[in-house]
Amino acid sequence: MKSFKQTIVRHKKSIAVAAAFLFAYGFFQFAYPYHLIRREQMALFLFDWDYIGQTYHGTGWMSRFVSDFLEQFFLLPAAGPFTISLLLTLIALVVYRICNRHLSQAASLSIAIFSYVWCFLRETGNLYTTRYTLAVAGYLFIFLAITSIKNKKNKPIVSILLIVLGIWAFGSPVHKHYGRLLSIPRFNYERLIGLDSEVTRERWDKVLKLSEKDLYMTEASYCYNLAQAMKGNLSESLLNHSQNGASTLLLRISTDRSVFSNTLAGEAWFQLGCMTIAEQSAIISLQASPNHTGARYIKRLARVNLISGEYSAAQKYLNLLTKTLFYRKWAQSVMPGHQSEHTRMQFMEASMRMAKTDFVHHSNETRAILLEQIRSNPQNIMARHYLLCHDLLSYDLEQFIEDYSGYMLKGHIYQEAILIWLSQHNQLTQQNAARYGVDNATANMMQRFFRNPDKYPHTYWYYYMRALEEEYNQ
Amino acid sequence: MTQNTTFRILAAAIVVTAFLSCSQMDISTAVDGSKGPLVIYPDYKEVTIPANIAPLNFRYAMADVHNARTTFTVSGKSVCIKGTEVEWTIKQWKTLMANAAGQTVSVKAQAVVGGQNITDSWDFYVSTDSIDAYLTYRLIEPSYQMFNEVSLVERCIENYKETVICDYRHTDNSCMNCHIHSQQRGDLSMYYIRGPHGGAILNRDGRLRKLTLNVKGMLSGTVYGEIHPSGRFGVFSTNIILPSFHTVAGKRMEVYDSASDLTVADFDNNEMINLPHIARDDKFETFPCFSADGNYVFYCVADTQTLPQNIEQIHYDLLRAGFDSQNGHIGTSTDTIWNSRKNNGSACHPKASPDGRWLMFTIADYGTFPLFHTESTLYLADLITGSVQALDAIKGNKSDTYHSWSSNSRWFVFASKRGDGQYGKPYFCHLDEQGNPTKPFVLPQRSSRFYGYNLKSFNVPDLGRESTGLTVRDAYIMFKTPSEPFKQAE
């Protein structure tokens, strides 16, 4: 026991360093994984000397250059947490070394821990900004260099030179974009950007899992609905959670919505085949990303234009992606003229979902857009489900019956809605119900529902009844 | 191994990786390259250029191209540039151009493409007409409904010098609208800063003022317009502008006015002159501009429609009305320069040439926002003979809009989305005395790869004879300055 204690005392510095590294790594790898992934999606690093020369100049060029270079690796599993942990540990080490020249070991360690915690927390409330962590590390190295100068005569001049060099390379040490002075992790925000990341990666099971806790939020509910739709379960699962009207089905793109919402809005429209709205969403997101670039959005723009047959535009975006480390292969594989048969078929299938006849609309005209998608491609089942669910969540049973009658899709909420409509029109007979594909079991369940509605919270009857109650109370 | 050594090895590895990656990854091809055995981008083959333009840098935009040699010859002088990126120094180019005006520069090129020796040759003609040296534009992503970090830039097109006139950093990330010169004068121009601290920034004789060009009863603040040659008046449209989408992908966006009128601002008396005949409820009036002598106003007008449902039925005529430069009144009688019903199209963005001879405008199938209309074409009206011609010879495969004249009326610039269809770029074109245009060429950039990685549109390029001298500091001061109110003229 004594020797163990001695070992700990002897290696306390190394243990502190390892602990600092592992803590940060564990946090970003397991508790906060999506913050760094999102950084990667919003950045773009091109391996092109000319681009590098034109992009990284002026004050702060080095911190911008190195952070963009490092952030591209955040796409790889564990690379982001590893890099950030390394930087944070480095900051703690340098602070310790500076302090230890003048203060006791314990005081130096305390200050180092404080600096580590401060740097750690500073950006966690928002999206983690590697650039500023790099700038802090850079300035600390400069400070270390200044305190290491032994020649007193030259010290003022060399110090000034080093500070000027620091400002040139890392930017001003006081900058309004350095994030808050102190913030704390926001785990619900982390889950939301996680949802966004998983939606764009089309990992629908993960989307469903991540959305569980936040289904009361419009964005989470929207992602849940999209994931269920992609898995072919929209009609069966729509009322498994409380829906806030039809607004959780498709988000509109608008100046009064957040960038996050406008970015997310493009995802469902993209899957439904509405490429103009998907393209606008990607351009708006590109506008809002730190350097007005962002690999995720450029990839989306490339896909949208490949599907739309706008090959010149697609080629522009693909040319950019061929100069990246991690999107190069994909870009080459989908480049017009170089696609495999399989890839070509995939894009062709996606283009089949696009509208064929033109009309001008605002993105909030959900019903009209969906109808056009269906008119152009009657086999667009996803659009049909979205249309029917839109009718139901808007309590518009007349429209629902009209839309449903032409192409009867399976789904218990559809059957439940039909029974309401039939009863509203005094046509509730077994024969009529059967005509609309309603089975006996559902009809029997409706009778049980009226006896004890709270036992059936996931039915359309319950959703509709609550709306009537609210209307009555008002 | 010491820590220092490890650090050095790591740093070296990163630099080597970056270098190798940069060298190996250039496999991209051009979106809109030239014709011929050797494809170059930008396409500067067989173009007519002014002698005072910046070097025409280009690259061989082909996969697996090496060992390129390009030789330029004029008046017995030759310059050979080796490499696939043909990029000049300003001095080298200016020396070649010194006595080239009125002559043809012949270019001979050879390169190894895919292991084969390929040769090519082409010419370009150096006009004796020079072009105005300054070009202003707004750099913006092509979303046209939201903005973030927008800037207005003045570029000296004789070299690559860019001066930011106004940007988001100095205006609290406000939106801003494009800078326009009057009569290509550097000391008579205007731009807008939008938002609560915004206003129209008028540059008259080099003195800046921030103006609120809006009074009760107007639809909105002023939007499109031009300053009278005297500098006293400005003619503007007021528009309720709504962005919308097409369902068919390639058509992208449509922006339309749900209402629009014309108005005149009197900058001397801080008055807005609103007259009923140019603010009719049953008409959409927009895109006004002055004739070269300031005696007329040209503008576009259409019957109101239910929009956006009937967007394809909205067709703007191009009219001319007299302008009284004593009181700022637009006359009630009009001439039709271009009739939309007869010609089955819609006119927008008219601009009169400084010599008074021509009126250039854009024609699209319908509407008032031709930026994504691939059919949009520049038209030229001869104001002496009354004839109108479509400039089909210079039509790109995407939209051509927003033109501006050089002060000698021999050159014009326009924004074209040719190629990628998404990002507008300034193209220059020479026009001879008979109104014949030459093949347009894109604004030269220091880097021949610039347009490949540029993700912003050059919005509303506008030529100026001299620099405006405006800076972001001026914009900042104006942003902080209270705006001068205007009142309704009696």
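**Exercise 1. Describe how helices α22(A) and α23(A), which are oblique to each other, are arranged in this predicted model, and state the make-up of their contact.**

Solution. Begin with the axes: helix α22 (residues 397-406) of chain A and helix α23 (residues 412-424) of chain A have axes that come within 10 Å and cross at roughly 120 degrees. Angles of 65 to 115 degrees count as roughly perpendicular and those over 145 as roughly antiparallel, and α22(A) and α23(A) are therefore oblique to each other. The next step is the hand of the crossing, which is left-handed where α22(A) passes α23(A). Turning to the residues, L397(A), F400(A), I401(A) and Y404(A) on the α22(A) side meet Y414(A), A417(A), I420(A) and W421(A) on the α23(A) side. Sorted by class, this contact of α22(A) with α23(A) consists of eight nonpolar residues, with no polar and no charged residues.

**Exercise 2. Carry out the analysis for helices α5(A) and α8(A), and determine the hand of their crossing and the classes of the residues in their contact.**

Solution. The axes of helix α5 (residues 61-71) of chain A and helix α8 (residues 130-148) of chain A come within 8 Å, crossing at roughly 125 degrees. That angle makes α5(A) oblique to α8(A). As for hand, α5(A) passes α8(A) in a right-handed crossing. The contact is formed by S63(A), R64(A), V66(A), S67(A), L70(A) and E71(A) from α5(A), together with T130(A), R131(A), L134(A), A135(A) and G138(A) from α8(A). When these residues of the contact of α5(A) with α8(A) are classified, four are nonpolar, four are polar and three are charged.

**Exercise 3. Which secondary structure elements does chain A hold, and what are the dimensions of its box?**

Solution. The secondary structure of chain A comprises 26 helices and one strand, and its C-alpha atoms fill a box of roughly 100 × 60 × 45 Å along the principal axes. Of the 474 residues in chain A, 43% are buried. Finally, among the contacts in chain A with a separation of 6 or more, 62% are between residues 24 or more positions apart.

Definitions and conventions. Residues are numbered from 1 along each chain as its sequence is written. Chains are lettered from A and ligands numbered from 1 in the order in which they are written. This is a predicted model: local features need pLDDT of at least 70, side-chain atom pairs count only at pLDDT 80 or more; totals for chains, interfaces and linings use all residues. Axes are lines fitted to C-alpha atoms, for helices over the stretch in contact, and angles run from 0 to 180 degrees between N-to-C directions. Helices (H or I, at least four residues) and strands (E, at least two) are DSSP runs, numbered from the N terminus. Angles under 35 degrees count as roughly parallel, over 145 as roughly antiparallel, 65 to 115 as roughly perpendicular and the rest as oblique. A crossing is left-handed if the near helix is turned anticlockwise from the far one by less than a right angle, and right-handed if clockwise. Two residues are in contact if their C-beta atoms, placed from the backbone, lie within 7 Å. Ala, Val, Leu, Ile, Met, Phe, Trp, Tyr, Cys and Pro count as nonpolar, Asp, Glu, Lys and Arg as charged, and the others, Gly among them, as polar. A residue is buried if 20 or more other C-beta atoms lie within 10 Å of its own, exposed if 12 or fewer, and partly exposed in between; C-beta atoms are placed from the backbone.
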